[in-house]
Structure formats: structure tokens, C-alpha cells
Amino acid sequence: MILWLWLCWGFSTSAGQPDSELMARYLEEKLLADYSIMEQVARRVPRQAKFLQRLETRPRMSEFTVKSTIISRYAFTTVSCTMVNSGSEAREGVFEMQIPAAAFISNFTMIIGNKTYYGEVTGKEKKHSGDDKERHKKPLSPTDGRENGHETFKASVFIPRKMQARFLLHYEELLQRRLGKYEYTVSIRPQQLVGRLRVEVNILENSGIVSLEVPPLRNSKHKGNGKVEGDASPPPSTVVGHTKTLAKVTFNPSVVEQTRIARNGILGDFIIRYDVNRELSIGDVQILNGYFVHYFAPTDLPPLPKNVVFVLDSSASMVGTKLKQTKEALFTILQDLRPEDHFNIIGFSNRIKVWQQDQMVPVTPNNIRDAKKYIHNMSPTGGTNINGALQTAAKLLNDYIAQNDIDARSVSLIIFLTDGRPTVGETQSSRILSNTKDAIRDKFCLFTIGIGNDVDHKLLERMALENCGMTRHFQEDEDAASHLKGFYDEIGTPLLSDIRVDYSEDNVEQVTQNFFPNYFNGSEIIIAGKLINRTSDSLHVEVTASNSKKYILLKTDVAIDLPSRNDIRGVPGLEDGKGDNNYIERAWSYLTIKELLNSRLKSDDNQEKDYLMEKAKSMALTYNFVTPFTVLKMREAGLHSEPPQEEFITPSTDGIGEKLQSLQGHKAPPGIRRQQDKQRIKISKTSADGDPHFVIDFPSSKFSVCFNIDGEPGDILRLVSDHKESGVTVNGQLIGAPAPPNGHKKHRTYFSTITILNNKPERSYLEITPKRIILDDGERLLLSCDRSAVVRSSSLEVSISANSNITVTIRDTISFVILIHRYKKPAPYQRNHLGFYISNSKGLSSNSHGLLGQFLNHEVKLLQESLNTSHQLVGQNQTEALKPNPTNTLKVKGRLVPVVWKQRRIYNGQQEVDCWFAKNNADKLIDGSYKDYLASHPFDTGTSFGTINSL
């Protein structure tokens, strides 16, 4: 049957065009199911040998998955790609992914056979002599691989025979609003047909989602593939569903559907566009965990008049399509000018040609007609005098502003387009930048456009940055006319000028850019910062600006206590929790780093450039971002049974042939060390486990004390409180269950969640449940309790023994062990729960407190007594003799506590503990009463009764 299918396909190939659907169905049902069949068929059908040989010479991609979570415009994206080498020898597998140029890579992992290599972000070292240049691979510059707003990430490995490699790439970006929509784009270019291809995008916008759309796949270099002219329907197999605030979009094409789009595996860009509801004129201010982000995008304002000079390259290199498309775009743009606008046109090559000398002309039908004639008659010739053209345009606008008393209620701008580098007049980039800045003098903005591969992108980018503008770069073979028109549409309708956003000074710090020369319709102003005073009830916000009618001042007070609105844990569709607790902080860090990079690009002072570089590098390392000053270095996380090594292991490039190219992006999460052996865990008696049963071990006294806490479901108990000294807090939340039959309790309680907070040397926390662990130390990481792993940062280490326990080590002086209790078939009174054990408390201070913490640095004396006799001190070796006595007494901080002898089983019943039991919820044993140890929420770091703090 297989042979017959291949012969039919071979016949159709010789007779005419191959039946792509038959071929795709065969690949889907046979090729991807059993690669060995392909080898047999190849030998039996020689005429297909060339096709089969191509398939065999590179590993087969069995899976390509993209999963993204967008929370309030901030997008976390994970790309997973699996390649299978079914050949008889090692073959090179290449993972290539286009990511948005504005995105930051935050992690990269390769799993090759049974070896794991993770990306560690480190600071980029300064280059030294030639030997270093020979030894070290030079990373790509931020613009290398740039293609219309995208950069290419590429890694290649040699995959051993009969094995597979998996690549995991994580990147983050803050979506920008353009033309009234946020656009999220995923590049789907696996370079071959894929058996399992899936894109899943989850969106959460508390403001409300509006105008959600999924256009056809976009592929400018392969026009027409899977797209009918005028068809605006989503790609095949796309499913879109959303509520008021949540949306889920999936794209899951079969191999047949992939073949119909593109047989070479280059499907194109999968795009999602949407906008959000805007109710307050002052914008949307979101606050969470000590950080805020402010989105300001007013609507329904009258446009400001604009004075625009179009500066167009007409040098010889513009001949053909580039100049033709530029003219087409300008014809349309001229039609969109408003009657209150003024404009002029400058063409430049060797010579500078001004359409209307020494004036800005009003928009009238006759002037628009004459301008179109002038543009139509432009012919390409000569070189490129960029400096002269910009100087002429700046003088034209400066003179017009001075002579006509133009006030702040109009917007002046230059739109500059070129396809090359300066070849005539001033050709030194630094001089052109200096001359342009001196000519403009912050009076108006410069917007630059580059077409083709010969353009000096860095020069255009810096000219725009230094003069409050933006830049765009288009490929020569793209539809430049539509791109140019789209760019003009972004800046063609200014609504406000001189926008300034201020916050109460005693409430905020490290605020990102808060002054903006212009606000254009359909865009958005974004400001972020840190809160200083978290005890304040509100954040005061003021926005001042000018529009065509008046000076605007907006004021409001935003409530700071908004955890329920901005905390998205547990939201359906976002179960993986990617970034759920720190998306606002990461948006702040993203904006801050971008501004530092731009400031350094604009600076001419070497000392200032070094300062900005170090500041950006430090923040990028803190938040796991790959930037121009940080690089990804691959480390091996080996799976061994011997004790783990402290140092990281560098993989041999000869062994796996890995090549990793760096690009502008992000920092990787904490390093994964070799998996620890279960036997390394130190069993401790000091614990809270079960219903919960508390045990305190006093090694110097050679006895233990135990007690129960009869809490209520939902209670959060302070187990260890040492926030002010060591910075460590441990809280445990209770879950309820019915009591066993004939028991004396009305219900049982167990620990469902353990939260460990650490504030030194930097903020971090762990949230542990029987199923998963959330680690957040600047980079959020979600770990499953079903898989063994070791994760380590500078001051924190988490070791997971699958379905057994988690060991948490803080600064090598504090260690906790959390036992996982899970039931396959639980009884009605059983619940999956956790047990908490303290194995090393050296790093906790003498002032530590909590139900367990208060006993760690205090000794307790055991006294023998009858109720009416004087106390007698019991020696350390007399404990056994006291067992028969019905009543004994502990002396704790001057308090006398009656106790009885009991036995407890701890650590999953593996160890039996003899202990002195204090009744009545540890009355008199603990400081205060049980209710004094109730925390208000899992992240409460209060260290004294009645005190509530938050990490």
C-alpha cells in the first residue's frame, strides 16, 4: 500500500503538478508516524531518492509550539521546538526563530538526548587583544539579522543518532499601541512541515478587551501563499474565544493545512490585534507589589494643526521600485493632509531641491495638485547629501515658526526618507548628528525612514532618538508604499503636545520618562515606576498638556490597595502562572532598560556612556534580560547521582557543536545545577506536619516538645518570622477536611500552601503547593512537583525531589524541607498537603519568632512536679525516668507549662519522636495566643503581634 501511494505520487509528478494534499496527508499519516518506513520506501522507489535524501540529511521537526501570555499589554512568550534525528549518525539540527526587535530574551534551554544545557545571562566583557577575539565568538550586534522589526535568534547542535533535541526559548515584550490597536506577532517559519504545530495566546486585560481580530498570515516575501486578495479571515484552524477581560486564540494547523499555506514550512507571521476599554480620561494606572504602570491614551480630542516637511531621497540608488513606491505613498499622504496643516517637499541627491522656496504652503486643492506634479517629475540621479537636506528642512521650519508666531498648539515635524548612506557633502555620521541636533534645537521632531539593506540604520535611529522622533526600516522587496502610508498614519494626527505626567514626589521613585513632546492619535504613552510609601492609600496623578483649543490639566487619586484587581493568580486560561505576580515590575524594568539604552545611544560623553552601560547591564542581570551589554552563555545541567558540584559546567563545543548567537533581548532565570540526590536531605525534628502537629527539638536538652494547633480552614499561620534581621519569613495556609468518624475534632486542617519570603540581599519568594512551586527572585519561574530539578540563584537554592520533597536553602545558612503528601485515592478526611521542617537555622537571628521560630534560639527547662509540690529541675539524662509520671512541667521564658508524654511519627512515618506534649493550642508554651500568629495574607511579613508588612 505504501509503495502504491508513492508510485501514484511519482506518476502525478511526471504527468503535471504534484497533488499537494495527497503528499501532505501521506506525510502526516505515515512519515511523521514512523520515520523508518521512509527509509524502506526510499530503497524501493529510486525516483524519489532525491526527495528522501533531503529529508534524511536533516533532523525532522516533530513539534513546534508557541505559548504566550499577555497581561496588561506585557507579553511572555515561550517557543518549544523538538527535532528528531532518526539517522544512523549525528546530524546538525538548526533552531531558528524570528523575534520582535523590541523583545528581550529571558531564557534559552537545550535538551539534547539526556543532557540539558541552559542559558545563563552574564555581563558582556570588554574586548581585549587579538587572542581573545580569536578564542571567543563575537556576539551579534543589536541590529544584526534585523528584518522589518524582527531579529533572528539561531542555535545549532549536533543531535546524536536515534535521539532528539528540544529547544525552549523565552522572550518578553511590552506591546506598543499603533493606529488604535496592540499588535502581537509570532513568526511561524519552522522551515519544514511539522507534525505538531500549535500557537496558543492567552490575553488578560482588566480594562476589558475590544476589537479583537486575527488577520491572515503575513508573509511579505512569499505573497499569495494561503491568502486570497481581499480575504481578511483568520488562518485555517484558528479558534478565537473571549470574555470581557479574557481571550484565548489558538492556531493548530494539520500537515495538510500547512502544505496548503506553504510547502517549505515558511508559513509567515501569526498576528493578533486588539484594543482595550478606556474609561478614565487620565488613563489606566495599575499598581501591584510596590510598582505601578500608567497607560495614557486619550481619545475624542480635536487634531492639532501640523507643519510638515517631507524630505525625499532622489539619488540614483532610488531608481526603480523604491522611488515608484515612495511616490505612490506620498500621493496618498498628501490627500490626507487637513485644511489647517502646512507643508513643503524637499528632494535631495547631489543637489537640494525645494518645491516651494522659503515657505510652508497651506493645504488647498491647487497646492496638493501641484505637489503631486512635483513628486511625479522627480527622477533618480547623483549621490546622497543627507546633511544638506536636513539642514535645509530645519531652516525652512525654523524660519516659518519664527515669522508666523507658531505657538505650542501646533506640531512641526520633518519626515525624512532615504535608501542609502551619505556620499555627498558631510559624510561623517557624528558631524551629521551634531549638525542636525543644532539645527532643530528641540523645536520640532524628526522622523526617519530607511529602505533596503544599504541604509545606515544606526544613523537614522540616532537622528530620530535625539530629536524626539521615531524610525522605521523597510526591506526593498516589501510593499514600501503601504508601509510608508502606515507610518505616516501613526504620526499624521497629533492630538496633544508637551505632555507631562507627575506623581506625588513622596510616593514614587525611579519613574521612567514622564515628558513627551507629542501624543498622536492611536498611540499610547506608558510610564512606570516604584512606590516608596506603601502605607499610603492612594497615588496622586497629574497630567498637563496642550491641544488645539486649550491647556489641559487632569488630576486624580488612584487607590493603591488594588491587589484583587491586578493579581491574576488563578485566572482561567492562565494556569501556568507565567509572570502572574510581577508583570508590572517587569514592565517597569523593560521600560527602564530601553530608556538607558536609548540614552547611551544619544550620548557623546564616554564617561556618561560607561555609566549608562553599567546601569543597564546591572538591571538586565537582575531581571534576566539579554541586551547589548549582556550575553547568553550555555551551561550544562548534568543528571548524576553523586553530590552536586558547586561550580557550573560549561559544555564542550566540540561535543555538541552548539552555536548560539546573541541579540538585543533579555536575561535568563536562575541557573539549574546538577540534580541533587535524595539522601542529601537532612531530616529535622523541628517541624509542622499533618493536622498540623508541631514538634520542637531541643538538642542540648536532649528532648523534644510537641503541640497541636486547631486552626480554621483558610487561616494563615506565621511559622517563622525574622523579616527584620535575616529577612526570612515563612507562612503556612490551612485547608479544611472533615474529621474521621468517631473523632473528637469537628474537622481537620492541613497546610495547603507554604510561602517562603526572603528580603536579603534582594527580594524573592517561593509559593509552594503539593502540585507546583512559584519562584520569583526578579524572574518568575514555575516548577512542577512532579519533576526533579535544582534551581539556584545568588542567594537561594531550590531542590525538588519529584513527588517527595522540596529543599530550600537560603544563603547556605538557612534550610527548610517541605514534604509533599499526595493521595491517589484519598479518604474523605484526607487532603493533599505539605509538611514543613527546619533543617538548618544558623542564619536566623536570636529575635526570630513565629510558631516555630521563637524556639530556635531559646532553651526550655523540664521540671518534674505534682500540682501541689515545689519544682524540681530534671537533669538531662533523667528524661527517660520521667515517662511514667502523668504530669510534668516545662519552664519557658518564666512560664510554667504542664505537659504529658507522647510519641509522634514524622517525616511520612519514617521517624518516631518522643516528645512532651503541651495541650490547649500550646497555651503558655507560645508567646501570646494562637490568634496572634494569624497572618493577613500569604505575603505578610509582620514580625510582631498586630504588625502587618508585605514583601
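In which sense do strand E50 (residues 895–906) and E51 pair, and over how many bridges?

Author: The model is a predicted one. Strand E50, residues 895–906, pairs with E51 in the antiparallel sense, and 8 bridges join the two. Within this pairing, Gln903 stands opposite Asp914 in E51. E51, which covers residues 911–918, also pairs with strand E35 (residues 703–708), here in the parallel sense and over 3 bridges.

A disulfide joins Cys706 to Cys915, with a distance of 2.2 Å from S to S. Cys706 is buried at a relative accessible area of 0%, and Cys915 is buried with a relative accessible area of 0%.

The count of disulfides comes to 2. The other one is formed by Cys445 and Cys468, whose sulfur atoms lie 1.9 Å apart. Here the value about the S-S bond is -110°, and the link of Cys445 and Cys468 is left-handed. This pair, too, links distant parts of the chain: Cys445 lies in strand E22 (residues 445–451), whereas Cys468 lies in the loop between helix H11 (457–466) and strand E23 (471–474), and the two are 23 residues apart. Cys445 is buried, with a relative accessible area of 2%. Cys468 is partly exposed, at a relative accessible area of 33%. When the bonded cysteines are counted along the chain, the disulfides follow the pattern 1-2, 3-4. Two further cysteines may be noted for their burial: Cys81 has a relative accessible area of 0% and is buried, and Cys785 is buried with a relative accessible area of 0%.

Another sheet deserves mention. It is an open sheet of 4 strands in the order E15-E16-E27-E25, with antiparallel pairing. Its edge strands are E15 (284–288) and E25 (508–509), each of which pairs on one side only. E15 is joined to strand E16 (residues 291–296) by 5 bridges, and these two strands run antiparallel. Leu288 stands opposite Tyr291 in E16.

The peptide bond from Asp691 to Pro692 is cis, with omega near -10°, and Pro692 lies in the loop between strand E33 (687–689) and strand E34 (693–698). Lys760 and Pro761 are likewise joined by a cis peptide bond, for which omega is about 0°; Pro761 has its place in the loop between strand E38 (747–758) and strand E39 (764–768). In the loop between strand E44 (805–810) and strand E45 (814–821) one finds Arg811, which has a positive phi of about 50° although it is not a glycine. Asp812 is placed in the loop between E44 and E45 as well, and its phi, near 60°, is a positive value in a residue other than glycine. Arg811 counts as partly exposed at 27% relative accessibility, whereas Asp812 counts as exposed at 64%.

Helix packing can be illustrated with H15. This helix spans residues 606–622, has 17 residues and reaches 24 Å from its first C-alpha to its last, close to the 24 Å expected at 1.5 Å a residue. Its buried residues are Lys609, Leu612, Met613, Ala616, Lys617, Met619 and Ala620. Seen down the axis of H15, these buried residues fall within an arc of 170°, so they line one face of the helix. They pack against strand E5 (115–123), helix H14 (583–602) and strand E30 (630–637). The face of H15 turned away from the buried side carries the exposed residues Gln607 and Tyr611. At the start of H15, a side-chain oxygen of Asp605 reaches to within 2.9 Å of the backbone nitrogen of Gln607. Just after H15, Asn624 takes a positive phi of about 60°.

Key: Residues numbered from 1 in each chain as written. Predicted model: local features only at pLDDT ≥ 70, side-chain atom pairs only at ≥ 80, totals over all residues. Heavy atoms only, no water. Expected span 1.5 Å × (residues − 1). Buried < 20%, exposed > 50% of the residue type's maximum accessible area, 1.4 Å probe, protein only. Arc of directions from axis to C-beta. Contact = heavy atoms within 4.5 Å. Polar contact = N/O pair within 3.5 Å; in protein donor to acceptor, adjacent residues only side chain to side chain. Pairing = 2+ DSSP bridges. Disulfide = S-S within 2.5 Å.
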